[in-house]
Amino acid sequence: MEAKKLSEVRDPNFRDEISQKMCFATEQGKFDLNYCLACGTCAAACYFTDLVDDHDPRKFMRKVALGLKDEVLNDRFVWLCNMCGRCTMHCPGKVPLSNVVRTVRGQFGLTAPGRLQEVADLHMQVGNQMEITEEEFIETIEWMQEELQDEFGDSSLTIPVNVEGADILFLPHPREIKYYPEDIKSWTKIFWNAKESWTLSSKAFDVTNFGMFSGRDDEARKIMDFVVDEMRRLGVQRCVMTECGHGYWAFVWGKKVWYKEGEVPWKFEHMVEWMAGLIKDGKIKVDKTRNPYVVTLHDPCNTVRKGGLIEEGRYILENVAEKFVDMWPNREYNYCCGGGAGALPMGTVVKKERIAKGKLKADQMMATGAEICCAPCHNCYDQLNDINKEYNLGMKVKHLHHLLEHALIWPEDGPRPKGEDEK
Amino acid sequence: MVVGGGIAGVQASLDLAEAGYYVRLVEASTAIGGAMAQLDKTFPTNDCSMCILSPKLVECDRHPNIEIITLANLIDLQGEAGNFKATVFQKPSYVFADRCVACGDCAAKCPVKIPDEFNEGLEVRKIIANKYPQAVPNTYAITHPEKCLYLTKGVQTGKPVCLLCEKACGKEAINWEDKEKTFTLDVGAVILAPGFDEFDPKTIKTLGYGTFKNVVTSIEFERILSASGPFQGHVVRLSDHQEAKKVAWIQCVGSRDRSIGCSYCSSVCCTYAIKEAMIAKEHGGEMDATIFFMDMRTYGKGFEAYYNRAQDETGIRFIRSRSFELGPGGSEHTVKIRYSDEGGEIKHEEFDLVVLSVGLRPSSKAMETAKQIGVDLNAHGFAATTTSAPVETSRPGVFVCGTFQSPMDIPTAVMQASAAASGAGTLLAEARGTLVKPEEPVAEMDVTGQEARIGVFVCHCGINIGSTVDVPSVVEYVKNAPNVVYAEENLYSCSSDTQDKIKEVILEHKLNRVVVASCTPRTHEPLFRATCASAGLSPFLFEMGNIREHCSWVHMKDKEAATVKAKGIVNRAVAKARLLESLQTVTIGVNKDALVIGGGIAGMNAALDLAGQGFKVSLVEKSDQLGGMARKIHVNLEGMDVGAYLNGLIGAVEANPNINVYTGAKITNASGYVGNFITTIDMGGQAKDIEHGAVIIAIGGKELKPSEYLYGQDDRVLTGLELEAELVEGTDRAKQAKNLVLINCVGSREPDRVYCSRICCTESVKNALKAKALNPDASVYVLYRDMRTYSFKEDYYEEARHKGVIFLRFDPAGKPVVSNAGGNLTVTVTDPILGETFVIDADLVGLAAATLPPDDSRDIGQLYKVCGDYDGGFFLEAHMKLRPVDFATDGVFVAGLAHGPKFIEESIAQARAAAARAATVLTKDLLVGGGAVAKVDKDKCSGCRICVTVCPYSAISFLEAENVAEVNEVLCKGCGTCAAACPSHAADHMGFRDEQLFAEIEAFLA
């Protein structure tokens, strides 16, 4: 290789520029990327390094450290990296590598490839990423409400929408409205069984935030504002969101970095947190024999490694399924499914690599011998389904609420589906 | 008071006790020895750790001026320097120390097993136990009363539960009434030497410690390697105790890791991992050893050669990679490591055993003590000290040494310990000799010409000997031997009542020789000799036979043969006893003045400490002014203004009435020996003789003038010191430089100069930070091989990265190239991670040039009969581990750069250590020598001088006039080398004469 004249390729301020452009006042001290020792921990910790090309986090950081700005901005790693954070969990220099990637993506004039930026734009324009109108939303909810009334033989039961003063605002994924309306029934039943005070909003029903992955903080905040404004309007106490990994992390992290301290006072809860709490507090009763399956769990990076919701999913599965087996490695040391950081909306740009990365997860899943793999994240759910097909796993992929809903024991003093007594 | 009985505490105690102070050594566990006692071997000499430590421990135990207080902690300190009231909390041991003879009968019966802390929990021990077989003091104790059946259930119910230990003890040594005690002692100074805590690798879950059985810590591995450890030194997997064929070491576990709040370097792990791998390979035959590391920090004296040997001769693999996690291997007995090599290739490898090289954390107990007694800690939790006062804590009169000051290796800890002793000694100079216990000698009987009347005492050692050897039959057997007039058996020959008995028998039966057949003379001979002396019998008329280690313990399964062998051993001892002579000791007076050679930081510090302790010092400097090498240093990383410090030091030296400074003085001759040297100096033609009792050599070193990287050809290429001068001065070109390139290892770690110069990595960091401070927009590059910013110097390496300094690694095979094309200075180097070669424009290039030994080290070495030729001209100390400032030649000490490259604070510590060691000589009025030493028969001597050359202590001189050799009995250590080497049988070793040895052999084989 020909020697490069460093003065020609190096931007000595690049490293500092990234530091300065990383969002957030409150956590600034934590995001110092200058302590890299080039020790190789990250390269070994990332299991995609040797699975696909251009995927060595150390080489990426090395380019950053040397100030090779042009090389970094054109590095495929920027868009291949799933920002799963495994590489730098025990980084001796505490380098926040996934945030470096995010900052490079969003703060240096790059545009997210594939449909990633389009999706974010759409979300900002209409309030959700799937162009669902308020009318369509209400229509779908009412349709599901009717079906449930039939199932329960009680026409007074409702799915609350825009109820002011409710305890919980529940935030769905728009594709549950558009493509998976059965999911609406699933979580509604859990709410009914637990007798929670809750509501949906006809204006904010999208948990996702692709500003997370485009790296554009102003846009991410705009997207989050839809929910924040609605919580304020409805006067709810907290927000519980459907099984979406990045959405959860966007709210929890975004509240700290895109807003001033105290500006967003509410707690954002992932559904697994809420469901585990219901079981633990005895608010719902479940019967695990109703799911006589061997079940395993995929730990989404955003909820588990970053969000710290480590035991909740396991706790739920141990209560609602007959046999739970863990993958190895698991919990905060899980492998990313390969679909994170916008890899799915980026489409063909990274598809080859996304599927190649999935092999790792496929092997992990198969090693458990499970019939069902649960993924408390919509993005992982799609990726796992792709893996399932690609590698002929013959496994079922489900959300946790699917199994939990199925295991619910209905109390005598509340709504009960017809035929519950025979179960 | 010395707090902590590890090697540092032991050394400080011995130095102070020898210098005439009364020492209380407070130890938290049941025995002194600390972490060093747990180690198998020590680097870089691969000496057996226990073998070199144990004599120091025994010396500590027997020293009349040292009182060891075990199971105790310092909890409060009132008063002020020179006059403290120290409150000590002591846990009960439940054993009468004066009755326990460490026979182990109690432990044999005790039913309660707990993990053995000394063996890192790899083995179980009984709840009543001694800490380790060679423990000092070797007293048993119940260390976990909450688990003792009697102390819990028995005491609660008032019933005689268990009590098996009490029943087993033949000495009535169990003391159920023992209680916690808190008492206050008057002490003048406190030295903290509490040691370190091992980093707990469970903190880093991915390393699998606790998950995988075959992942162990390095200290556990020391116990695995130890012949006295749980696996008798076999390197085995813990999962199935099968031989481990592939072993890996993972470095920096709990060190250099910001993610867990341990960002400093633990200083010792790189070299100890090499040592463990080397020894393991020795033990394990075909074993494959691999060390995963970031930077190989073999910065100490002799370490780089050791590292080279490990790579080139021992075949240890070194992989530069920090691994993230250990995973299950293909079998349940293996562990898999996934790692990335430097070029980014991912590899997987399975190992039978993975050793985590755990770092040194500050002792949590000591942090608590520090808080209680008002001693400040630094940001990492270690005792805060400064460059100029490296062993002084924030509280006057409280000193610190060893790993509570910073992570350090054993020699540095020993050095600091002596330095702390010097600090305490200086503080308490007026009280010297006031509290020590004088010995009262008993007049010695003259037995010359008497026929031998031998008394023999055969020991049962509880059941240790008695259950294997038929002791009564041995007694019967020996009774009939010629000259034996008395023989008896003892349950414990070493117990204090038996000492009284032996004394009585000597007097009653007019014995003139005594034989004890029991255990090892290494620990017990001094005791029995003292007993003989107390009865007026020369201690040289005593002989020992070891029927325990050499007999009962190794022949436990064959009692008859053991008894036969025991008879042989006793017969041998008796045969020698017949021929024993009452040897004469000699005494010489001591000149109480000191000579310090070299007027740099080390020399001046040594002189000031000695002067502070009341000794007259002659300080000889060959140049015209004091200051030495430090005159070229302006600042250090810790922010010391070196110039101001130096001026202060010079002022203090010149104003001190006890110090005579001779500048422009060259040493032309030296003669004499410990206690009585005469050194001749020449000051511009004027000669002067200086008489002194001890000498400290502190003649400094110098910076290499490089012969590569265009040094001397392009004036923009400077050495580290030259660059520092420009940066401090702020020259125009230093201010305007946009690109500075610093190159490390210039002239060090090369085939013709193997050693690492220790300080240059830090020097480059210092210059890089200075350059950044001068011009924050400058691009500063440091090209290095391994960054060796050990201990807290790592903080500055971090700071430099933080400030944007670029660090680029290179291999010796791909050294950077400095070129000047048409006036354009460039440096070409390849980044090993990206595999890309970069050309850097350079305005200034700084070369971290090697530190060289002084020019005159060989000459000075020859004058004082010490080795001044190690590693190309550094002085070689008596022992790299435990005698870092002594020479094998008594009365001569070394300090500073002349001993090897080191930082200012290390030079200061070593200088003060040398002062402490010199004080142990100068304190004495008389030096005692002779006894079991060599003698040369002048009539037989042929004058061949072989003995003069082989003597390791320079104790033999050649008398030109008579053409014969003569042994200086004071200097002779009685090693016997000369006696073995002498072709004319002129050199003879008293107490080990040929006829004595032959008689022994014949008697044993009879």
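1. Helix α23 of chain B covers residues 904–922, 19 residues in all. In this predicted model, the distance from the first C-alpha of α23(B) to its last is 26 Å, close to the 27 Å expected at 1.5 Å a residue. Of the 19 residues of α23(B), 19 are buried, so this helix is largely enclosed by the rest of the structure.

2. Helix α20 (residues 760–774) of chain B packs against helix α21 (residues 794–802) of chain B at an angle of about 40°, and their axes lie 10 Å apart. The crossing of the two, α20(B) and α21(B), is left-handed.

3. On the α20(B) side of this packing are B:Thr762, B:Val765, B:Ala768 and B:Leu769, which meet B:Tyr796, B:Tyr797, B:Glu799 and B:Ala800 of α21(B). Sorted by class, the contact comprises 6 nonpolar, 1 polar and 1 charged residues.

4. Between the chains, 34 residues of chain B are in contact with 33 residues of chain A. At least two residues of the chain B side are supplied by each of β20 (335–340), α21, β43 (824–831) and β44 (836–841). The largest share, 6 residues, comes from β44(B). By class, the side of chain B that touches chain A has 11 nonpolar, 12 polar and 11 charged residues.

5. Within β44(B), B:Val839 stands opposite A:Lys5.

Technical notes: Residues numbered from 1 in each chain as written. Chains lettered and ligands numbered in written order. Predicted model: local features only at pLDDT ≥ 70, side-chain atom pairs only at ≥ 80, totals over all residues. Axes fitted to C-alpha atoms, helices over the stretch in contact; angles between N-to-C directions. Helix = DSSP H or I, 4+ residues; strand = E, 2+ residues; numbered from the N terminus. Left-handed = near helix turned anticlockwise from the far one by under 90°. Contact = placed C-beta atoms within 7 Å. Nonpolar A, V, L, I, M, F, W, Y, C, P; charged D, E, K, R; others polar. Expected span 1.5 Å × (residues − 1). Buried ≥ 20, exposed ≤ 12 C-beta atoms within 10 Å, placed from the backbone. Pairing = 2+ DSSP bridges.
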